[in-house]
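Good morning, colleagues. Please take a moment to look at the structure on the screen, and I shall then guide you through several of its details.

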Amino acid sequence: MELSKQQQKAVIHSGSPALVVAGAGSGKTRTLTAKILHLINTGHPPERILAITFTNKAADEMKSRLYKLTGMGYAQFPWVRTYHSACLVILKKHCELAGYTNPIQICSGYHQKKIATEVLVNSNLDKKHAGNLISAISRAKNSGDPLQYFDMRPRISSIPVKIYDLFTQYENKLIQANSVDFDNILLKTRDILRENNDVREYYKNYFTNILVDEYQDTNDLQDELTRLLLGEHGNLFCVGDDWQAVYGFRGSNVSHFIQFPRRYDNSKIFRLEENYRSADEIVQVANGLIDFNHDKMDKKCFSRKRGGTVEIHDFHSDADEAHWVTGKAKSLNAYGDGIPFDKMAVVYRTKFCSLAFEKTFRLFRIPYRLMGAQGFFERMEILDINSYLSASVFPNDDVSFERILNTPKRGIGPAMIKKIGAARSEGMSLQDSARIMVRERVLSKKIHDSISELLVILDDIREMTPDAAIGEIIQRTSYNEHLKKICKTEGELITKKENIEQLRFTAKEKFDILEYLEEAALIREDKETQDENDNSDEGVALLTIHSAKGLEFDTVFVVGCEENLFPHWRSIDSGEKALQEERRLMYVAMTRAERYLFLSHANYRKGQFSMRSRFIDQIEECISY
C-alpha cells in the first residue's frame with residue numbers, strides 16, 4: 001500500500017499512544033487501514049485488534065479493504081466495530097452482571113418515543129415533550145454520570161418537573177422489558193467494566209491494540225470506555241481532526257483530542273497535512289477561516305492541486321439564491337468540463353433551507369437527491385414488519401405488541417387494548433395478558449379469534465430465519481392488501497413494497513431474528529448519511545453540513561450563510577465554545593469541495609431580513625489576503 005512519509009511514520013510507530021492529526025482529505029482511512037495491515041504483518045492476531053469506527057458503514061468498508069489486502073474473511077476481524085456494536089458484544093456476554101438476562105432487547109427510536117410518551121402522560125405532562133425528554137436522557141447518559149448531570153441540570157425549559165423523576169420512570173420501564181436503549185449499551189458496558197475487575201482485566205489483556213477513528217467526536221463515556229479497555233502495553237492509535245469536530249450538541253468533547261499529549265504519557269503526534277481532495281485555493285481559504293478559532297491543534301494543510309474557485313455571492317432573497325444556484329448548476333453541467341449533477345452538492349446548516357432548492361430544481365428539471373431524510377428503519381411499513389419480529393422473540397415488548405394488535409386492522413381498537421392492559425398483574429406484559437385472556441375465553445368470539453390468530457403467527461415465526469418470517473407475516477396477515485387500502489397513490493404503494501423487498505434482502509444475510517433485530521437497532525448510527533432514495537446516486541445532493549461530513553464533491557454550494565442561521569442562533573447564545581464549533585462546521589462544508597466552492601447569503605429568508613454571516617466576512621478577508 002503506497003503511503004506518504006508522514007503516513008508511513010504513523011503506521012510503523014509502536015510502544016506508546018499515538019494521535020494522528022489528519023487534515024481534511026489527507027488519507028485518514030488509508031492510514032488507519034495500513035496500520036491494521038502493518039499490525040497483522042508484524043504478528044498481531046487480527047481477532048485481537050479492536051478498531052473503532054464512527055459508523056457501521058465505515059466498519060464494513062474497513063473490513064472490505066482489509067479483505068482485499070489480506071485475503072482474510074470478515075469473520076477474522078470480529079472487533080472492527082463501532083463503540084455501540086463492540087459494547088453490545090461485551091454487554092451480551094456479561095449481561096447478568098448488570099441485572100439483565102439474555103436475550104437483551106435493544107430499543108429502537110420508535111420504542112424510545114413510545115416509552116417517553118407514556119412516562120409523560122403518566123405524569124400529566126404533554127406528550128409533545130417526548131423528543132426533548134429523550135434528548136435530555138441521552139445527553140445525561142453520554143456524560144457518563146446521569147445523576148450528576150441531572151443534579152446540574154434539574155429541569156429543561158419545556159418540561160415543568162424534575163427531569164430525573166421522569167428519567168427514573170423511563171429506566172424502570174426499560175428494565176421491566178429486559179431492554180436497553182442505544183445509550184445504555186455504552187453506559188451498562190462501562191458499569192460492568194468499571195465494577196468487575198476480572199472482566200476488565202480480561203479485555204485489557206485480550207486486545208493487543210486499540211484503534212479509534214474520528215477520535216475528535218468521542219464523548220466522555222466513549223473516552224472512559226477506551227481507557228478501561230486499554231492494556232498496560234499502551235497501544236492506542238487514534239485518528240481524527242479537531243478542525244472537523246462538529247458533534248458537541250450530541251455530547252462529543254473535542255478536548256479529548258486536543259489534550260491527548262497531556263492525557264497520555266509518552267504519546268506521539270503525527271500530522272497529515274496534505275489534502276488530496278481539494279484544490280489549494282480552497283484549502284488555504286479554509287485554513288484561514290479556522291485560524292479564527294483559539295482551541296485547536298496547529299497544522300499547515302496544503303494541496304498540490306491548483307485551479308480551485310472560491311466565490312461569495314449576495315442575493316436579495318432565498319428565492320433569488322435558489323434560482324442562481326440552479327442556473328449555475330445547469331451551466332457547469334452543460335458547458336466546459338460538463339460536471340455531472342451527482343458531483344455537485346448544495347449544503348446548508350438547517351434542513352428547512354432545502355425547500356427553495358427542491359422547488360427550483362423541480363421547476364427546471366434538475367435531478368436531485370434529498371439526503372439525511374427519514375431513516376429506512378423508521379418507515380411505517382418497516383416498523384410494522386419489525387414489530388412482528390420483535391414481539392415474537394421479546395414477549396415483554398409491549399410497544400411492538402401494541403402496534404401489531406390492530407395492524408392490519410382486526411377490530412381491536414384502543415378500548416380493547418386498554419382492557420388487555422388493565423387485566424395485567426404486576427410485571428406482566430401486554431402479550432402475556434392477551435394470552436391469558438385467550439386461554440380463559442373472556443373475549444368476544446371475533447376478538448378472541450383475531451388475537452388467537454396473531455399469537456399463533458408470533459409463535460410460528462419465532463424460530464424461522466428473518467427472511468422466512470417476514471414472508472410468513474406478509475402472507476398470513478394479508479399485509480400487501482393492507483397497504484393497498486392505506487396508500488393514496490400507486491407510486492406510494494410501489495415504494496412501500498420496494499422497501500419491504502429491500503428489507504427481505506437485508507434480512508437474508510442473518511441466520512436468526514435476534515441477530516437481525518440487533519443489526520437493525522445499531523443501524524441508527526448511520527442515519528444521518530442515508531438518502532431518501534436509499535442507494536440512488538443520481539442528481540445534485542441536497543443535505544445538511546452534518547450529513548455531508550466524510551463526503552466529497554467536485555462542486556459545493558454553501559447556502560444560507562446568515563447570522564442566526566449559520567452560525568445558528570443557539571450557538572451564538574451559548575458563547576464562544578459553541579461559536580468555534582459552528583466555524584468548524586463551516587470548515588467541513590468548505591473542504592467537501594474539490595474544485596468549485598460557492599458561498600451565498602440572502603438579505604431576506606422566509607420573508608424576514610437577514611444579516612450576512614460573520615463567517616462570510618472572515619472568509620472574504622482570507623480571499624483578499
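I begin with a definition: a residue is called buried under 20% relative accessible area, exposed over 50%, and partly exposed in between, using a 1.4 Å probe and protein chains only. The model is predicted, so to speak of local features we need pLDDT of at least 70, side-chain atom pairs count only at pLDDT 80 or more, and totals for chains, interfaces and linings use all residues. Residues are numbered from 1 along each chain as its sequence is written, and side-chain values use heavy atoms, with hydrogens and water left out.

Let me apply that definition at once. Asn564 has a relative accessibility of 45% and therefore counts as partly exposed. Asn564 is found in the loop between β13 and α27; helices (H or I, at least four residues) and strands (E, at least two) are DSSP runs, numbered from the N terminus. Although Asn564 is not a glycine, its phi is positive, at about 75 degrees.

Which other residue has a positive phi although it is not a glycine? Arg365 does, with a value of about 55 degrees. Its place is the loop between α16 (354–363) and β11 (368–370). Arg365 counts as exposed because its relative accessibility is 76%. As background, most residues other than glycine have a negative phi, and most peptide bonds are trans.

The bond from Phe566 to Pro567 is cis, with omega near 10 degrees, and Pro567 sits in the loop between β13 (553–558) and α27 (569–574). The bond from Asn102 to Pro103 is also cis, with omega near 0 degrees. Pro103 belongs to the loop between α4 and β4 (105–106).

I turn now to the helix packing around α17. The axes of α17 (residues 380–393) and α25 (residues 513–522) come within 10 Å and cross at roughly 125 degrees. Here axes are lines fitted to C-alpha atoms, for helices over the stretch in contact, and angles run from 0 to 180 degrees between N-to-C directions. The crossing of α17 and α25 is left-handed, meaning that the near helix is turned anticlockwise from the far one by less than a right angle, whereas clockwise would be right-handed.

Which residues make the contact of these helices? From α17 they are Asn386, Leu389, Ser390, Ser392 and Val393, and from α25 they are Ile513, Leu514, Tyr516, Leu517 and Ala520. Contact means heavy atoms within 4.5 Å. These residues divide into 7 nonpolar, 3 polar and no charged, where Ala, Val, Leu, Ile, Met, Phe, Trp, Tyr, Cys and Pro count as nonpolar, Asp, Glu, Lys and Arg as charged, and the others, Gly among them, as polar.

Helix α25 itself is mostly covered, with 7 of its 10 residues buried; among them are Ile513, Tyr516 and Leu517. Its N-terminal end is capped by Asp512, a side-chain oxygen of which lies 3.1 Å from the backbone nitrogen of Leu514.

Helix α17 also meets α24 (residues 490–507): their axes come within 9 Å and cross at roughly 45 degrees. That makes α17 oblique to α24, and the crossing of α17 and α24 is right-handed. The contact involves Met380, Glu381, Ile382, Ile385 and Asn386 of α17, with Lys496, Asn499, Ile500 and Leu503 of α24. The residues of this contact comprise 5 nonpolar, 2 polar and 2 charged.

Finally, I present two buried side chains. Thr407 lies in the loop between α18 (398–405) and α19 (414–422), and it is buried, with a relative accessible area of 14%. A polar atom of its side chain lies 2.8 Å from the backbone oxygen of Arg403. Such a polar contact is a pair of N or O atoms within 3.5 Å; within protein, one must be able to donate a hydrogen and the other to accept it, and residues adjacent in sequence count only if both atoms are side-chain atoms. Not counting residues up to four places away in sequence, Thr407 touches Asp384, Tyr388 and His482.

Asn287, in helix α14 (residues 280–290), is buried at a relative accessible area of 10%. A polar atom of the Asn287 side chain lies 2.8 Å from the backbone oxygen of Cys301.

Key: Angles under 35 degrees count as roughly parallel, over 145 as roughly antiparallel, 65 to 115 as roughly perpendicular and the rest as oblique.
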